[in-house]
Amino acid sequence: MNQYSKTVTVIKKVRSMRKRRGYLAAGILAALVLALCCAMLMLGSTIYPVKDVIRALLGEQVQGASFAVGTIRLPRMLAGLLAGLAFGIGGAVFQTMLRNPLANPNVIGITAGSSAAAVFCIVILHAGRSVVTLAAIAAGLAAALFIYLLSFRGKSFSIGRMIIVGIAIQAVCHSVILYMMLIARVSDIPAALRWLEGSLNGVQMADLRLLSIAVLVLAPAAIFMSRHLAMLELGDQAAASLGVHIDRTRIVLIVSAVILVAVATSVTGPIAAVAFLSGPIAKRLVGGGMSAILPAGLVGASLVLTADLIGQFAFPVRYPVGIITGIIGAPYLIYLLIRLNRRGEL
Amino acid sequence: MAMAPAHTLAADRIAAGYDGRVILQDISLEIPGNKISVIIGSNACGKSTLLKTLARLIKPVSGTITLDGRPIHSIPSKQLARIVGLLPQSPIVPEGISVADLVGRGRFPHQKLFGGWSKKDYEAVAEAMDMMNITELANANIDELSGGQRQRVWIAMALAQQTDILFLDEPTTFLDITYQVEILDLLTDLNRTFGKTIVMVLHDINLAARYADYMFAMKNGRLVAQGTPSQVITREIVKEVFGLECAVITDPVSASPSVVPIGRHHALHPVSTAMTP
Amino acid sequence: MTRPKHFTKILTLGILLIVLCAAASIVFGSRPSTMQEVLDGLFRPEADSYGAHVVRQRVSRTVFGFFCGAALGVSGALMQSVTRNPLADPGILGVNTGAALFVVSGIAFLNISTAGEYIGLALLGSSITAIVVFGISFLGRGSTPIKLVLAGAATGVALSSLVTAILLPRSYVMETFRFWQVGSVGAGDWQAVAIFLPFLLVGIGTAVAMAPALNALALGDEAAQGLGARTGLIRLVSAAAGVLLCGVTTALAGPIGFVGLLATHVVRLLLGPDIRYLIPMSALAGAVVLTVSDVCGRLIGRPGELEVGIITAFIGAPLLIALAKNMKVRSL
């Protein structure tokens, strides 16, 4: 229809302009993640040149590099990458679904539930790694289910109620963890401490199987549902009138996010603040032109890998990755509170 | 442009509510096709609830709602969203989204899971934006707009949905009188030019009487009266629905009935002969 | 407002409970004391048996526990009035964690060691956190109770992360580590009681004095101003008192959460919202809650103890959930 073609041109220009910014940001993030992955493989007590790293990855026996890269650095890098993706995407989905950037799995008790179960298995049951992993996943899912069911008053579900219930669960799980630390045998304490802040230490390739499956299946699923998420952002009523199945969509998205977060927690522990920071940072970088879910995953991966590199090499003492991200998290929280406040969203 | 054949939307003895309470009781009505219908009533009488129930946002606890004879709950969501659209009272404003993108979200029921916008999508959005005069705002962020502009954007989004039936929940509340009239005029254009069936909740009785082809008056969850404005806006019905003593005059501009309230300090003057008590 | 119904009966009940709690707290522990030991400990200062010492130590611990509970109860009541948010509690709002963070930082980086320094830093930490979190409640347009609680919880999580970050490399000092992660009254000796007393009196005194003004504030800012109340000043003074009480408690006992929430809600259920009665009765109720939790902690955790901060979380969380289920929660 010719009478609208001028407007169509205007709209196309607006959209492509914003999309371009989004793609650019996503591209830069992807490049950053790639660079960080390389750094993780190359740096260490011995720095191996790129050539040696590649040869070691391809299976050749390279003096020193094969062990360092293949057995230690590669699983560590993959763990950081996958966990960062999982926390970033999971956190961003939560924040969008619950319509508040402060409502992320760390605050709503999911990661605390996983950690509590893990610490319980370590300290009380003295269980092996696989049991701990499974318990962490199961507990994260159970916590999410529990919170979801408690958010109903009669038949009506409320996001606000879900948040309060989540905060209560978080408090309980946190207490459980602290109690476990109290009665732990001295030999168990280092293993248990890992569940307080999150760490990439001692991850083996075998540990990564479940996490890789979860990320490879669920991350694309979440990205696939970006359009539905965009509708939900407008509010339940507007979304429903646009033809979105509110309950179905919500459940699929939250279950995916919970699984991602729970599985990631089971491998690395609850890496502080990544689930919280990734979404808002990605949104700022990408702008409103496209969905921020995949960028959030990339931001998460960047955060984890960068923090781990800092934790390994920046100080005389090695710090686990969770401590570094925890330290970044606090000032960013304040900044976010101030910004949200000014915008009238708090 | 040819008038679209009207879809029929009817409710039969519905009762509905939320949070465990039943607000609507035993309501039966049929929405007149190709017309502008307005629901009026005092606060908390169930106007919004009725609108949302008709738009299938709330499931009635008893009774049925039919669209073209089919029970509305059996129609798949996306298909329904291509026929019926609702503009809620306070939609959430996401940050950092351009007006063009937001209006574009109204195309969701027509879009496939993957892929970008089709030619039809662009045209629908362009048409909606031109109609609501917001083309110059295409690149503005929606959270930076004024109330009146924002409301036009929301209506544009509902228009881009290209539904035959459009529900609007208090589209003019919180707007200046100029914007109120402007929006109601635009909605009238939609009805006269494209034959859209429009159902809205308005709290201003006089504006409602002026713009409506058909009115539904509610009190305490029940339908008290329905009909053309001159049938519904009468002294007795206004008294029953709002508890207000009034005189009803003919609006000198639009020839529709207009309510003039009688309070304790202003009584009916016997002098003027233009009054019809 | 007139005196709530059954006030005298409830007051009597409260006092009775306090006495019972005191008795339980003195008698029960890693092993229950015998009557002889109790009498020795209480009334014969020259009695030197182990049992008598234990009793004496429990007496000071009990009094300390009462003080902590009272302070947290009143602090909770004040915070709820100031923010007009029934879910406010120094623990939930992250104010306690802020206090703990500053103290921990002081220990780690500034080598502080005196009680005065602990209290000073704790007060600084709780004030700053309170300013940030409370500021949201006043400045944020469209702020709802949930948004405030969410902001507080997120702050608490972030600050707790920082506390762990500081303590983890120093975790060889496990005692200190645990103490600043979750509160306990185990260290409550007469010295702590003596330090606590003036702060407690100032804090509760201020609260009682501000109570009529807070009743006006509860009507809404504009209504209160219409009645001649200076809302800004009232808020500032009341918030300061609340922060003082929870700051000192955290300095001496570590972060204990939910006591304010528990105490104020029980009292509100029984006596209604009149703040002139809410404040003193919250002190009473808080003391009871804390002591009961402490006794349970000692009994469950034999031969060691389960810190009171852990028990209050276990009791407080279900209450929070019950509140959420019963409240009409305004959508976010």
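Me: Where in chain A is confidence lowest, and where is it highest?
Reply: Strand 2 (residues 156-157) of chain A is lowest, at a mean of 74. Helix 13 (residues 293-313) of chain A is highest, at 94. The score is pLDDT, the predictor's confidence in each residue, from 0 to 100. Helices (H or I, at least four residues) and strands (E, at least two) are DSSP runs, numbered from the N terminus.

This is a predicted model: local features need pLDDT of at least 70, side-chain atom pairs count only at pLDDT 80 or more, and totals for chains, interfaces and linings use all residues. Residues are numbered from 1 along each chain as its sequence is written, while chains are lettered from A and ligands numbered from 1 in the order in which they are written.

Me: What is the mean pLDDT of chain A?
Reply: The mean is 87. In chain A, 98% of residues reach 70 or more.

Me: Why does the span of helix 13 of chain A agree with its number of residues?
Reply: The expected span is 1.5 Å times one less than the number of residues. Helix 13 of chain A has 21 residues, so it should span 30 Å. Its end C-alpha atoms are 30 Å apart, and therefore the two agree.

Me: What makes helix 13 of chain A mostly covered?
Reply: Of its 21 residues, 18 are buried. A buried residue has 20 or more other C-beta atoms within 10 Å of its own; 12 or fewer is exposed, in between is partly exposed, and C-beta atoms are placed from the backbone.

Me: Which chains share the most contacts?
Reply: Chains A and C do, of the two pairs in contact. Two residues are in contact if their C-beta atoms, placed from the backbone, lie within 7 Å. Chain A brings 42 residues and chain C brings 45. On the side of chain A that touches chain C, helix 6 of chain A gives the most, with 16 residues.

Me: How many residues of chain A are in contact with chain B?
Reply: There are 28, and they meet 35 residues of chain B. Helix 1 of chain A gives the most to that side of chain A, with eight residues.

Me: How far apart are chain B and chain C?
Reply: Their closest C-alpha atoms lie 10 Å apart, and no contact joins the two chains.

Me: Why do strand 9 and strand 10 of chain B count as a pair?
Reply: Pairing needs at least two bridges found by DSSP. Strand 9 (residues 214-219) and strand 10 (residues 222-227) of chain B have five, in the antiparallel sense. B:Leu223 is the bridge partner of B:Met218.
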